[in-house]
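Hi everyone, and thanks for coming. I'd like to walk you through a structure that may be new to you, so please have a look at it first.

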Amino acid sequence: MLKLPIYLDNNATTPLDPRVLEAMMPYLTDVFGNAASRNHPFGWAAEEGVDYSREQIAKLINCDAKEIIFTSGATESDNLGIKGVFEMYSQKGNHVITATTEHKAVLDTCKHIEKLGGKVTYLPVDEKGLISLADLEAAMTPQTILVTIMYGNNETGTIQPIREIARIAHAHGALFMTDGTQAVGKIPVDVIADGIDIMAFTAHKMYGPKGVGALYVRRKNPRVKVTAQMDGGGHERGMRSGTLNVPGIVGLGKACELARLEMEADTARLSAMRDRLEKELTTLEESYINGSVEHRLPHVTNISFKYVEGEGLMMGVKDLAVSSGSACTSASLEPSYVLKALGLSDDLAHSSLRFGLSRFTTDEQIDYAIGHVKEAVTKLREMSPLWEMFKEGVDLSKIEWAEH
Amino acid sequence: MAYSDKVIDHYSNPRNVGTLDKSKKNVGTGLVGAPECGDVMRLQIEVDEATNTITDAKFKTFGCGSAIASSSLATEWLKGKTVDEALAIDNMEIVEELALPPVKIHCSVLAEDAIKSAISDYRVKNGLPALELSHH
């Protein structure tokens with residue numbers, strides 16, 4: 001029996017894998033020590049769990065275990081990476097380059113450093129959501145200390161040309177940081193091969209617990225340091241103070257291990273399901289895939305259904321937990337800034353749905369989702385005056401709409 | 001956001017969805033809202049000229065559940081009313097009937113605008129002056 005509603009919002013968060021919970025359980029009960037307690041076995045046992053997690057993470061992203069700084073999640077990691085570099089390298093320069101489609105944790109942090117006197121370039125993206133390498137090259141200055149571009153986008157799944165971006169940053173003597181929140185654990189991320197100096201990521205997007213994440217900070221070629229953003233006991237090589245969230249960290253490690261072992265199989269299964277969902281839904285007239293189809297995370301699709309209003313659509317697909325490009329919590333609708341950056345009109349941005357599949361998504365759930373969305377879109381179009389006008393060949397852009 | 005049962009009912013089973021023949025002299029059409037604002041309502045009335053009574057009403061709406069419910073409810077209320085009675089429908093009556101939250105009051109305003117706009121169109125078609133429409 002299919003249980004409703006069906007969870008297809010795995011870019012927001014993923015369920016905890018039972019195997020991750022199992023690994024965490026002892027650290028929530030018997031092994032409760034403070035990993036910083038060096039004087040007794042309680043502390044040693046906790047530290048052992050933390051160290052093992054570092055090894056599991058290091059294997060997934062091909063780094064050294066010592067290069068992992070534990071944080072409370074990707075938002076903190078993004079803050080620490082950007083603000084930490086801005087402070088640490090202030091003698092060298094004050095210019096940071098990012099993109100308009102970054103997560104708010106990056107964009108708002110960049111706005112913050114602008115207030116502190118920093119200069120930030122926000123690179124535009126093309127209709128697929130990709131930045132232009134020529135734009136990046138042109139934006140580099142002798143004052144550029146950091147280029148921070150996300151690996152895979154949370155709304156569209158678009159994957160940026162990470163290696164080329166890193167190469168350009170390094171050629172100009174800047175560090176390269178990436179927000180790997182959606183990519184780590186989903187696609188192969190190799191900090192050596194990719195040329196990543198700093199990377200933010202989190203457990204709860206890869207079947208781990210919420211409230212724990214990490215910042216990868218390169219230790220050699222070059223040795224990178226970030227200024228701590230929180231004062232205290234000097235944990236995590238002085239870069240992030242605060243008692244370590246041992247159960248969370250153990251969970252993150254286990255999640256990374258599972259991701260490494262199962263990524264290939266998960267990717268094959270999820271991309272096949274995603275492609276089927278996408279193929280079926282785009283048989284509806286006037287439906288458009290947002291973002292790059294060639295360079296994309298395997299478990300995501302974002303589709304706009306023209307002539308259907310976003311909030312009405314969300315109400316129509318009530319059996320699915322999905323996200324829409326419409327943040328309509330008030331009378332003033334704000335369409336997704338990511339989709340707007342791709343050049344989508346407000347109405348297309350509003351009428352988009354984001355489907356994020358997970359390790360636990362089944363074919364039966366996808367079948368149901370296909371039927372449910374098709375039915376809702378068809379019903380709403382039958383009710384839509386815009387659809388009727390479109391069908392009659394009326395050019396909607398020529399109509400003088402009464403503003404209200 | 002939690003919708004009231006009445007909004008859900010109108011959204012799930014909208015009354016009077018459809019299109020009247022706008023070439024007919026006794027059919028008035030109101031088209032209000034704008035796609036970029038996220039709401040477009042088209043409301044039509046058919047009037048029995050002898051009695052000045054609305055005999056039929058149809059709508060099509062592009063919008064959220066509350067906008068669909070507001071226009072669906074409006075068509076229900078319009079049928080059987082005289083044109084003058086229809087003009088007296090106030091958006092706050094729709095708000096009350098559907099228990100719309102403050103952020104959705106604009107949906108009821110749009111429905112009232114659509115009613116007045118349809119009546120105005122009917123008047124103009126029949127040689128009467130257009131209504132002064134206040135745009136909210």
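**A short tour of two chains**

Let's start with A:N62, which counts as partly exposed because 14 C-beta neighbours sit inside 10 Å. Please keep in mind throughout that this is a predicted model. You'll find A:N62 in the loop between helix 2 and strand 2 (68–71) of chain A. Its backbone deserves a look too: phi of A:N62 is near 60 degrees, a positive value in a residue other than glycine.

Why point that out? Most residues other than glycine have a negative phi, and most peptide bonds are trans.

A:E236 also has a positive phi, near 50 degrees, and is likewise a residue other than glycine. This one is in the loop between strand 8 and helix 8 of chain A.

A:P5 lies in the segment before strand 1 (6–7) of chain A.

Now for a pair of helices. Two packed helices are described by the angle between their axes and the distance between the axes. In chain A, helix 2 (residues 41–61) packs against helix 8 (residues 246–281) at an angle of about 30 degrees, with the axes 8 Å apart. An angle under 35 degrees counts as roughly parallel, so that is how helix 2 of chain A runs relative to helix 8 of chain A. The crossing of these two helices is left-handed.

Which residues meet there? From helix 2 of chain A they include A:A46, A:G49, A:V50 and A:Y52, and from helix 8 of chain A they include A:V246, A:I249, A:V250 and A:L252. By type, the residues of this contact divide into 11 nonpolar, 4 polar and 4 charged.

Next, a lysine with an annotation. UniProt, in an unreviewed entry, lists A:K205 as "modified residue: N6-(pyridoxal phosphate)lysine". On the chain, A:K205 lies in the loop between strand 7 (198–202) and strand 8 (213–217) of chain A. Is A:K205 buried or exposed? It counts as buried, because it has 27 C-beta neighbours inside 10 Å. Leaving out residues up to four places away in sequence, A:K205 touches A:T13, A:T14, A:T181 and A:Q182.

So how do the two chains meet? On the chain B side 26 residues are in contact with 23 residues of chain A. At least two residues each come from strand 1 (27–34), strand 2 (39–48), strand 3 (53–62), helix 2 (65–78) and helix 5 (105–125) of chain B. Strand 1 of chain B gives the most to this side, with 4 residues. The chain B residues that touch chain A divide into 14 nonpolar, 9 polar and 3 charged.

Last stop, B:E76, which is in helix 2 of chain B. Its 14 C-beta neighbours inside 10 Å make B:E76 partly exposed. Beyond its neighbours within four places in sequence, B:E76 is in contact with B:R15 and B:N16. From B:E76 to B:A99 is 23 residues in sequence and 17 Å in space, C-alpha to C-alpha.

That's my tour, and I'm happy to take questions.

Methods:
Residues are numbered from 1 along each chain as its sequence is written. Chains are lettered from A and ligands numbered from 1 in the order in which they are written. This is a predicted model: local features need pLDDT of at least 70, side-chain atom pairs count only at pLDDT 80 or more; totals for chains, interfaces and linings use all residues. UniProt positions are given in the numbering used here, feature names are shortened, and annotations may be inferred rather than shown by experiment. A residue is buried if 20 or more other C-beta atoms lie within 10 Å of its own, exposed if 12 or fewer, and partly exposed in between; C-beta atoms are placed from the backbone. Two residues are in contact if their C-beta atoms, placed from the backbone, lie within 7 Å. Ala, Val, Leu, Ile, Met, Phe, Trp, Tyr, Cys and Pro count as nonpolar, Asp, Glu, Lys and Arg as charged, and the others, Gly among them, as polar. Axes are lines fitted to C-alpha atoms, for helices over the stretch in contact, and angles run from 0 to 180 degrees between N-to-C directions. Angles under 35 degrees count as roughly parallel, over 145 as roughly antiparallel, 65 to 115 as roughly perpendicular and the rest as oblique. A crossing is left-handed if the near helix is turned anticlockwise from the far one by less than a right angle, and right-handed if clockwise.
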